[in-house]
Structure formats: C-alpha cells, structure tokens
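Please have the structure open before you while I go through it.

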Amino acid sequence: MVSVLSYNIISPLGNTATENFNAVLQGRSSIRRWHDHWDIPEDFMASLFSDEQTADAHQEGFTRLESFAWASITNAVKQANVSLSTKRTVLIFSTTKGNIELLGKENMSERCLPISSAKLISERLGLETEPIVVDNACISGLSALILAQRLIELGLYDHVIVCGVECQSKFIISGFQSLKAMSPNPCRPFDINRNGLNLGEAAATMILSRDEGCGWQLADGVMRNDAFHLSAPAKDGIGAMKALQKATHGIPKEDIAFINAHGTATLFNDQMESVAIERAGLSSIPVNGYKGCYGHTMGACGVLETVVSMEAMNHHVILPTKGFSELGVSGRIKVIGDEGLNVNGESTENQSFVKMLSGFGGCNAAILMTQDKYLKETERCKKGDLCLKQTHHVHILPSSIEIDGKKIETKATGKQMLTELYKSHVANYPRFYKMDMLGRLGFIATELLLNAEGKERFVENSDHAVIFIGRSGSIVADKVYYKTIKDSKDYFPSPERFVYTLPNISTGEIAIRNHYHGETTYYSIAKKDESMINQIVRSAFLDTDTQSVVGGWLECEEENKFEADLYITEIEY
C-alpha cells in the first residue's frame, strides 16, 4: 500500500486541514448568495474565497487558481519533513477547468490550459519531472490519487504531490445554471427536499510516498464507467456499484467506519449513489457528505473530502451531513445528519473509510483509506509481472490516416476528413454529429481500431479501459461555449455545449458506444512523450480487472489541427 506523508486544505472555511475539520464538525458552511457577481445575470449560491484570502495567497506571476494551489502545496511540503527528490517526485494536478476565466482575454489562450498551470508550479517547486494533469470531471481528485498510487507501485517515483484545485468563474457558473442543476438555497445532500447543488472553491493537497508517513495509507482505488449517459447517472448505479465492490473487496464491512459520498444534492446523483451503495452490499455502513459545507469544489473535492475524512478519523469521529434531515432516496442507506449529534459528532473506533465520487461522462471512482497496517493488501500486478503488447494502431493527422501501418485514402482534410471517415466506416451512430471535435477524433480513431481488431463488439464488460492523453484538452469546445456567454446583451449559455467542455466526455462517448464499464480517464501532459504515455497506459493495468486499453495521444488544438495516435494494448500471457 502507498502511504500519505502529509496534507493540507485551503478553503473558505480555513487554511489548514485542522481548521477545516473543526468547521465541518461545528456545522459551519461558507455557502452564501452572490448577486451581480462576475457579470452573471442570475444570483447563485456558492462557497468562494474571500478577497482577504485571495490577497494573502497571491504569488507574483501566478493566477488566482495557481496561487491557491501553490499555498496548499507548499504547506503540505513543509509538513512532510522529508527531502523530496527533484528527480523522483512528480506533481499530479487535478482540476476541471483551470484558468478558464482567462478565455477571451488577449494572448491568454495558452494559460487557459491546465497543463500550463501545472508546469509553472512544478518548475517553481524545482521538480525535474514533467507534471500530469487529471481532467476527469468530478472524479478528477480521486483519479489523481489513484494514478499517484499506481505510479509509486510501479517504482517510477518515490513521492507524488497530488493537488486538487478549483476556482469558480462565469464560465462554470453559467454552465451549471444552464443545466438547471443549481439550488437557489444551501444544498441538502440526500434529503427529501434537495433541489440542486452549490458550487465551491478550494485547494487541497496530499503527498503520497513509498515511505511510511502520517499513519494513513491508500489501500485501493478503482474507477468504473456507467456507459449510460454523458450528463446523467445510470439509475441502477452500475458504475459506482462496481467501483465500491472492487475497492472494498477483502475488508469486512464492519471494519469500515463510513462512506463519504459525492452527495451533490441533485435529484439524480444522490438517488444513484444510494442505489449503488445498497447494491454493493454496503447498506449497513454510515454515509456522510460535505457539500453542505463547501459546495461542489469539482476538481478539488476528491482530495479535499478525503483529507477532511482523514482528520475526522484521527479524532474518531464520523462527521455529519449538513443540510440533511429526512432521507429522500430509495436506496437503503444510513445517512449521518447534523441533528441529534453531540459536539463531538458520532464516534467510531474503526480505522478505514471509503470515499466515492461520480461525474459527467459516466465516470465513477472509489478509494479505500486505512490506518490499519495489517489490512491485507489487495492483490495487484507488480512491475516485473506485467507483460503488455500493442495489437493495433491508428494514426490520424489532418491530412493523413494510417491503420496498422496501412495508409487510408481520403478526399477531405481536417474536420471534414473525420466526417468522411464516419460516413465510410461507421455511418450508423448519429450521435457523432453532436460531438465536439475532441470527441469526434477519439470516436473515429477508436472505431477504426476496434474494426481492425475484429472482435465481437457492443457486449457489456468491465475489462476494457479507455485512456486518452493530450495537451489542449477541450479548448476547442471551450471556445464554442464561451461565445454563448461573452456578450451580456446576447447571453444564451448552451447546456449541450457546456457538457463538452469536459475533455473526459470523449472517453464517455466511447464507453457508451461500446458498453464499456471499465476505467475511463483523460490526462494532460506538456507535450507528446511516448515514455510518459506508456507509463500512464501501463498503470491502468494495475487494476486487475483491466485486460485491454484503448489509449494513447489524443490532441485537438484547433478544428483543423489535431492528432490521434492510439493503440489497443493488452496483457500478454
């Protein structure tokens, strides 16, 4: 298992993990109503950093988001009390939209890319390794922790700094408003009167290590896809259920103190989670959620809520779910509310807990955290045990395409070439025309790969993963959506366009098309680096259910400037 060396949280509720734990224990919330803020026509409820916090965190040459990330990371590094090797330490950055508020400002397109922020911070830390960004919608934080665990287990790094950070903006707020997902009041997770989410800001950091740390270990982490819908969870909770079952395999249910749920307080998410928990056989375990205190902090929530939970366990406490009063979901779960508890919360002597998340693109994740040094380590593949082979390859550029080394002739180029390939090689999946450019590129490349493979398709399975790695993420879709909100006199935020501003939607499209319930993830790196791409793809096989990965480089900088360089990688027995 991989150990936790140190951790930190900076949020509107406090600047340390202890301050944040005490705030949640006391039932405090930083959610408030914002009027005429960021030139957004409608009022909204959110938890945002104060002007004083922003001024205190400010670093010369850094944006607001980068400054808060830096403050959290440097705090955690100071606590670690070990020398972090510049060559054996890597930064994994978890965020969904990074500096997206810079979009539209002159000469700022490059700084909009989350990898630019990660690169800047990594260099200032003095690291000689290249950072990785995890942009996997709402499960990004847990996806980042899982990747960190795997890279350490493969022996590639001694320490991994995982920072989850999100700062809100007109871009994000308007998008969730267009989806009708936001509550006009403080959110109420799992409650019968819940009616939507609130958004929030935070920066949270965990440093994972091969060395013994602060007593906490990441025992296992799992990602699974619903393969149902891009923006709505499956009613049967199949993805979350499978993630929970895998993450808790081998540990007695009575040894788990609680499940810290995603608990966004939307009608469908909370309902799905309750069904998933029950179907996973975990109904007897207490459930809580922290969104009533922080709002939904998106790329930060996986790290933030894990750290708060660790602090709670350090104090032998199960924290309450602020805003919850009466159960309003059909799944049989035991939600810990904020009524009837003494000032010390609900006590526990258990040493393990589960953190779960779900997000757009059908993705779900669960991790098992433990203080039990004797907990049997999950059987996982080790570095010398894993022999992989690449069976098929597709390479698409704006004016050329090759499948397994054979050139395919096309009449069109650029965006129109993708449409031509769809008509000639697929032609039976009209959703293609709704996809953004990144989604179209990934879809066509995957279709060509799977057709070349020639195996039976469209069969429900959990052993196929989709791993895309690029640099520019969803920048093309970002610019399309930005046009709908940039003019306050011509303001028409499009929910359909907003969904595609998450790059992992490209992996969700593949999962839905092919009925893949395995892992789906989108990463960003600074440049196309075959060694790093292979490391990331290889790490996916540490999930012992994974037998095959469609993965590799998927980059779309402009409509007519793109590259797909994907392989099918399998275990060779």
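Predicted model: local features only at pLDDT ≥ 70, side-chain atom pairs only at ≥ 80, totals over all residues.

What is the volume of the largest pocket? About 600 Å³. Residues are numbered from 1 along each chain as its sequence is written, and side-chain values use heavy atoms, with hydrogens and water left out.

Let me state the terms for empty space. Rolling a probe the size of a water molecule over the atoms shows where empty space is left. On a 1 Å grid over the protein atoms alone, a pocket is an open set of points with protein on both sides within 12 Å along at least five of seven lines, a cavity is a set where a 1.4 Å probe fits but cannot get out, and lining residues have an atom within 4 Å of a point. Grid points are joined across faces, edges and corners, and a volume is the space filled by probe spheres set on the points.

The largest pocket is lined by 35 residues, and those nearest its centre are Ala181, Leu197, Ser231, Thr266 and Phe360. Two or more lining residues come from each of helix 9, strand 15 (352-359) and strand 16 (363-370); helices (H or I, at least four residues) and strands (E, at least two) are DSSP runs, numbered from the N terminus. Helix 9 gives the most, with three residues. By class, this lining has 16 nonpolar, 16 polar and three charged residues. Here Ala, Val, Leu, Ile, Met, Phe, Trp, Tyr, Cys and Pro count as nonpolar, Asp, Glu, Lys and Arg as charged, and the others, Gly among them, as polar.

The second largest pocket has a volume of about 380 Å³. Its lining comprises 21 residues, with Trp38, Glu101, Gln168, Ser169 and Lys170 the closest to its centre. Helix 2 and helix 7 each supply at least two residues of this lining, which divides into 10 nonpolar, five polar and six charged.

I turn to the cavities. The structure holds three cavities of 30 Å³ or more, and the largest cavity has a volume of about 80 Å³. Among the 13 residues that line the largest cavity, Lys97, Pro114, Asp135, Ser474 and Asp478 are the closest to its centre.

The next topic is salt bridges. How many salt bridges are there by the rule used here? The count comes to 30, where a salt bridge is a side-chain nitrogen of Lys or Arg within 4 Å of a carboxyl oxygen of Asp or Glu. In one of them, Arg150 and Glu519 meet at 2.8 Å, N to O. Arg150 is in helix 6 (residues 140-153) and Glu519 in the loop between helix 16 (505-514) and strand 21 (520-524), 369 residues apart. Both residues, Arg150 and Glu519, are buried; buried means under 20% relative accessible area, exposed over 50%, and partly exposed in between (1.4 Å probe, protein chains only).

A further salt bridge joins Asp545 and Lys246, at 3.3 Å, N to O. Asp545 lies in the loop between helix 17 (530-540) and strand 22 (548-558) and Lys246 in helix 8 (residues 238-247), so this pair ties together parts 299 residues apart in sequence. Asp545 is partly exposed, because its relative accessible area is 33%, whereas Lys246 counts as buried at 19%. These two residues also belong to a network of salt bridges that links Arg224, Lys246, Asp543 and Asp545.

How many disulfides does the structure hold? The number is zero, a disulfide being a pair of cysteine sulfur atoms within 2.5 Å. For Cys167, the nearest cysteine sulfur is that of Cys163, 10 Å away. Cys301 is buried, with a relative accessible area of 0%.

Is Gln149 buried or exposed? Gln149 counts as buried because its relative accessibility is 0%. Its C-alpha atom is separated by 8.1 Å from that of Met1, 148 residues away along the chain. Thank you for your attention.
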